[in-house]
Each structure stands twice: as C-alpha cells, then as structure tokens.
Amino acid sequence: MTGKLSNDAPPPSGRPKLALLGAAGALDLAGHLRRVSAVLLDAEPPPAAATDALATQFGYRTLSARTGEVGSLRALLQVVRTAISGHLPANWMWTRADGTVVDGLRARIDPGGVATAAELLFLRHAHQKALLELLRTADELILLLTGASCVVDAQHGDAYSDAPDVTTRLPDGASLVTHASDLEALNTDFDEICALLSGINPRLLLRVALVPLPVDQHQAGSDFALSLPALRQQSDLRVMMAHWSATRPQVDYLPLWELCTGQLARMGQFSPETGQLTAEGGLQAAWLCMGYDAAPPVAPLAALAAADDADAAMAKKRARRAQKRADRAQQGGNQTAVICEEELLEAFSK
C-alpha cells in the first residue's frame, strides 16, 4: 500500500528529488510538475487500477503523501510532528453517523470513512511511516500554505486542517475552535518545523510558497470587511516567508503567489475566481518550482527529454574516445602522443 517511493531512482541530469506538501488545491501543481518530468516523489501512490479521478477523490497524486489539503502552518506542523514522533493526538479518531470512523488529521481523504477503528489505526501507522520516509529521502520539500487559520482541540491544543462535517462527531468531551496564528506564533511554529526536519534530513532544502485563495472564498462582492481576515493572514504569511528565506540558509521563498496573481493572471493563465491554472500557466508554475526564473519557449517535456538524450549521447562518446586513447597508449608504449581528430572534437565539445 505504501511500499517504496515511486520515484526513488537517481534523478536524471542531477535534478533534485522534490516533495510536495500543504495545499495544492485547484492549482494541480503535482500534475504540472509531472508533465515537465520533475522528479516528484510519491510516498503513497494509488492502486494501479485506480483512475486519475478516483485517485484524486481519495487524496492520491495531488501531493507527495496522502495528507489531504493542509493550508495552515500550525496544522502542517502537526502533520510533521506526528509523522516523526509517532504520537497521535488524543482525539484524532472521529466517528460518522453510519458507524464508520475517520482520521481527523486528514478527514477528507476517505469520503466513506473506514469500517473499524483497528483498520483506521493500521492505515494511520502506514501513512506515518510513508511520510517519514518521504521527508528523509527528498532533496527539496515544497510547502504550500494558504493562510494562518486552522481548527484546534480546545483541551489539548492539537491542530486539524478541517472541522468535522455535520455527519461526523468528535470523541466525548472534545471541542474544536478556530485558531489564527499571529506573526510570533507563525515564527515559532516554523522554527519547530525546521528543527524537526533538520533532525531527520540535514541536507533538505525547504521551499515555502503562498497559494492564492479563490476570490469567492474572500467573499468578493459583499462587505469588504469580511474579506480582511483572510487577506491579512495571507499578507502575514508573505512577510514571514520573506523573513525565513532571508535568515535561514536552508529555506527558500518560492514566489508562486506573485507568478499566479501577476504575470499568469494578466495572460489569462490563472483564474482569480477559481484559483485554477490553465495548462500553459501550470507549466510556468512547474518550471518555477524546479528552480527556473521563467519557462523556456519550447515544450518543457520535449526539452527535458532532448537534454537528457544529449547528455547520455555525449557521455557515451566521451567514454568511447577515452577507451580508444587508452588502447592507443597501450599499443604505442611511451611514444609521443599525437593529437588526433577525435581528441580535437572532444576538446571543442566540452
């Protein structure tokens, strides 16, 4: 079910192994990264027989692990902390009206719930093991955040990305309240995430990005004051992301929000109303995530394939030339070396 990472071969042409967590949402960033042949790790790939639509419905393929959408830093910290420590929150198991049970830390990934508590516990442990292996294996971890709010267990302080729906009830005595982190709390949570990740993968590069919320989630067209909290949270996150990038050598700010709401929106490749990217806009965003300032004017997939083929062909040519030189040297002993046409070609092809 979890098995080995689906992209655990050495990256082609030295490209880094990427992991994607957070709130990919309507951007379908994972899909766009796959289209440009990025080395995107998937710790929990879907069953082979599952269609793309069914896999997405159950939380597969949209991120590098089946965490569900986690848009707040506090909830994302809970995800990382739980994977590393193995400790589960006191009230993590929720119950539906039909008797099925739900993993509260990723409440939306199993729409029908799970039949028994034992089965849910098995799935939770398998998920934590897969997520931990992902964090240990990745070269770069892209964290996609949308805001500073999540729901928190009023008694224990554990954070959840989603509140239960009307058909789901919490354990007796549990209560969830909305929590919005201020700048100091954001910084404290990020410090802890960095410390946890560094402890298990010291070489990991952490890239943080802000994901634009669809305008309708800001309640556009109604009282502007109603939209201010969400706008302010996104503004706070942008400020803190710039600060983290400037003060921590292993942290990089990925200007995905600026690309989407600026250049791509002007070109009609990003919809502020739906928060979705077109195919062309998705390629631009994918290239940005791979470390390029702008997408090249050629088809990315073809360009990467051509580059890999050229690298492989050149490596084979150089190996053949080196072998021929070695054969000539063995045959000629210590005679004066003569620069042949092949060596000139090699020298000018470097």
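1. A residue counts as buried when its relative accessible area is under 20%. By that cut-off phenylalanine 190, at 0% relative accessibility, is buried. The model under discussion is a predicted one, and the points below should be read with that in mind.

2. Phenylalanine 190 has a ring partner, tryptophan 244, and the two form a stacked aromatic pair with 3.9 Å from centre to centre and 5° between the planes. The pair counts as stacked because its planes are under 30 degrees apart. Phenylalanine 190 belongs to helix H5 (residues 183-200) and tryptophan 244 to helix H6 (residues 224-247), so the pair ties together parts that are 54 residues apart in sequence. Tryptophan 244 is likewise buried, since its relative accessible area is 0%.

3. The structure holds two aromatic pairs, and the other one to consider joins tryptophan 94 and tyrosine 160, whose rings are 5.4 Å apart centre to centre and tilted, with 45° between the planes. Distant parts of the chain are linked here as well, for tryptophan 94 is in strand S3 (residues 93-96) while tyrosine 160 is in strand S7 (residues 159-160), 66 residues apart.

Note on methods: Residues numbered from 1 in each chain as written. Predicted model: local features only at pLDDT ≥ 70, side-chain atom pairs only at ≥ 80, totals over all residues. Heavy atoms only, no water. Phe/Tyr/Trp six-rings, centres within 6.5 Å; stacked < 30°, edge-to-face > 60°. Helix = DSSP H or I, 4+ residues; strand = E, 2+ residues; numbered from the N terminus. Buried < 20%, exposed > 50% of the residue type's maximum accessible area, 1.4 Å probe, protein only.
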